[in-house]
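Open your viewer and get ready to click through the model. We'll go from the big picture down to single residues.

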Amino acid sequence: MDNKLFTPGPLNTKRSVKKAMLHDMGSRDIEFLQVIAEIRNDLLEIAGVTLEEGYDSVLMQGSGTFGVESVISTTIPEYGHLLLVTNGSYGNRIGNMTNVYEIKTTTLSYKENIVPPYQDVEQALQKDDSITHVAIVHCETTTGIFNDIENVGYIANKYKKIFIVDAMSSFGAVPIDLKAIGIDYLISSSNKCIEGVPGFSFVIFKTNSLKGCKGNARTVSLDLYSQWIEMKISNQFRFTPPIQSILAFHKAIEELKLEGGVLKRSERYQQNYNSLIEGTESLGLATYLAKKDQGYIITSFLYPKHPNFDFTQFYEKLHLRGQVIYQGKLSDTDCFRIGNIGQLYMEDIDNLIVAIQEVLVEMGVPV
Ligand SMILES: *Cc1c(COP(=O)(O)O)cnc(C)c1O
């Protein structure tokens with residue numbers, strides 16, 4: 001049996017999803033193009049928007065970062081100016097991109113346990129009207145914090161800025177009202193809350209926003225505009241598509257619908273999260289974030305303050321028991337992370353808690 005992955009993706013997938021990959025198809029196979037058409041349509045449905053309302057979706061090869069990079073490098077014109085709001089490494093990664101592409105950027109940077117206040121975003125927009133775009137991560141997977149995209153989006157729209165959201169680790173399991181929030185570009189990927197396998201990312205966007213981006217792209221392969229035009233005309237990728245990953249994703253969407261959609265998946269993940277918190281609290285483990293800011297996708301835990309605690313040992317002993325957790329990524333605090341997305345249910349969380357207790361005892365850390 002495979003290990004249980006308490007990671008933010010890739011994650012445990014359903015057998016049916018893995019089985020869907022047992023096919024060979026050509027890039028321009030009619031059947032395959034039909035699958036792409038259905039996925040693009042389903043993504044809009046999951047997002048609660050339609051073509052008629054002026055939204056569309058594009059798939060992009062590569063992991064989630066490639067999708068973010070395609071948006072950043074295609075949609076911000078040469079004269080553009082990005083306001084980047086960041087409180088973690090995924091937000092900072094967007095800053096790395098604008099550095100490389102020499103895109104003018106103003107950064108509002110916060111400590112990893114702070115939800116960036118939308119008032120600061122308003123102030124920054126008032127101070128500099130050359131800003132054209134605003135970007136933020138929804139669930140900053142570095143900690144698991146949920147950022148306030150509703151109010152930041154409201155402000156971005158109030159000042160008529162293009163609003164970009166990295167919803168990588170939330171889309172599909174956290175309801176996001178694209179229309180109400182006024183999101184121009186939302187990015188996520190195949191191997192997170194939709195529970196597919198890795199291989200591509202996708203962007204859901206306002207067609208009016210991407211329409212004007214012809215010729216902006218600073219790379220050939222990540223040109224989101226050209227990819228969109230190709231898909232609009234023929235549902236084809238411009239370069240070799242990750243066929244099996246797309247077949248798996250198609251099945252994963254079907255499974256999401258069978259589960260009852262975003263709301264039901266959100267309920268399951270929240271149940272996982274609640275069990276996780278209850279169990280870890282009983283073992284004396286403390287979370288890094290304040291509960292009010294903590295999302296239900298992934299949780300950061302402080303290292304137990306005991307001289308016998310050693311993360312490498314902790315990780316390896318859990319791994320021996322088939323339980324894979326995730327190391328921390330914080331700039332100044334020792335943490336480890338436990339995700340509860342993917343094919344994980346309450347009994348899996350219970351088993352993990354038992355394993356953590358055994359391992360801590362084995363290491364000589366009192367629980
Ligand atoms: C997973 C993730 C990404 C993309 O990471 P990849 O390793 O490129 O798939 C980007 N942003 C957030 C918030 C994520 O959780």
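Which domains does the domain assignment of the protein give? It gives domain 1 (16–258) and domain 2 (261–363), with bounds that come from an automatic or database domain assignment. Colour the two separately: their centres, taken over C-alpha atoms, are 28 Å apart. The contact takes 26 residues from domain 1 and 25 residues from domain 2, where contact means heavy atoms within 4.5 Å.

Before you zoom in, a word on what you're looking at. This is a predicted model, in which local features need pLDDT of at least 70 and side-chain atom pairs count only at pLDDT 80 or more, while totals for chains, interfaces and linings use all residues. Residues are numbered from 1 along each chain as its sequence is written, and side-chain values use heavy atoms, with hydrogens and water left out.

**The sheet**

Switch to cartoon view. Helices (H or I, at least four residues) and strands (E, at least two) are DSSP runs, numbered from the N terminus. Now look for an open sheet of 7 strands, in the order E2-E10-E9-E8-E5-E3-E4, with mixed pairing. Two strands pair if DSSP finds at least two bridges between them. At the edges you'll find strand E2 (55–61) and strand E4 (104–109), each pairing on one side only. Neighbouring strands here are turned by 20° against each other on average, direction ignored. For angles in general, axes are lines fitted to C-alpha atoms, for helices over the stretch in contact, and angles run from 0 to 180 degrees between N-to-C directions.

Next, select strand E3 (residues 81–86) and strand E5 (residues 133–137): they run parallel and are joined by 4 bridges. Click Leu 82 and you can find its bridge partner in E5, His 133.

**Helices on the sheet**

Then show helix H9 (residues 224–234), which lies across E2, strand E9 (185–189) and strand E10 (200–206) and runs at about 110° to E2.

Show side chains for the contact: Tyr 118, Val 121, Glu 122 and Leu 125 of H5 meet Asn 151, Val 152, Ile 155, Ala 156 and Lys 158 of H6.

Now compare helix H3 (residues 64–75) with helix H4 (residues 89–100), whose axes come within 10 Å and cross at roughly 50°. H3 and H4 are therefore oblique to each other. Their contact is made by Thr 65, Val 68, Glu 69 and Ile 72 of H3 together with Arg 93, Ile 94, Met 97 and Thr 98 of H4.

**Two loop stops**

Jump to Pro 10, in the loop between strand E1 (4–5) and helix H1 (15–19). The peptide bond from Gly 9 to Pro 10 is cis, with omega near 0°. Last, go to Lys 160 in the loop between H6 and E8. Lys 160 isn't glycine, yet its phi is positive, near 60°.

Technical notes:
Angles under 35 degrees count as roughly parallel, over 145 as roughly antiparallel, 65 to 115 as roughly perpendicular and the rest as oblique.
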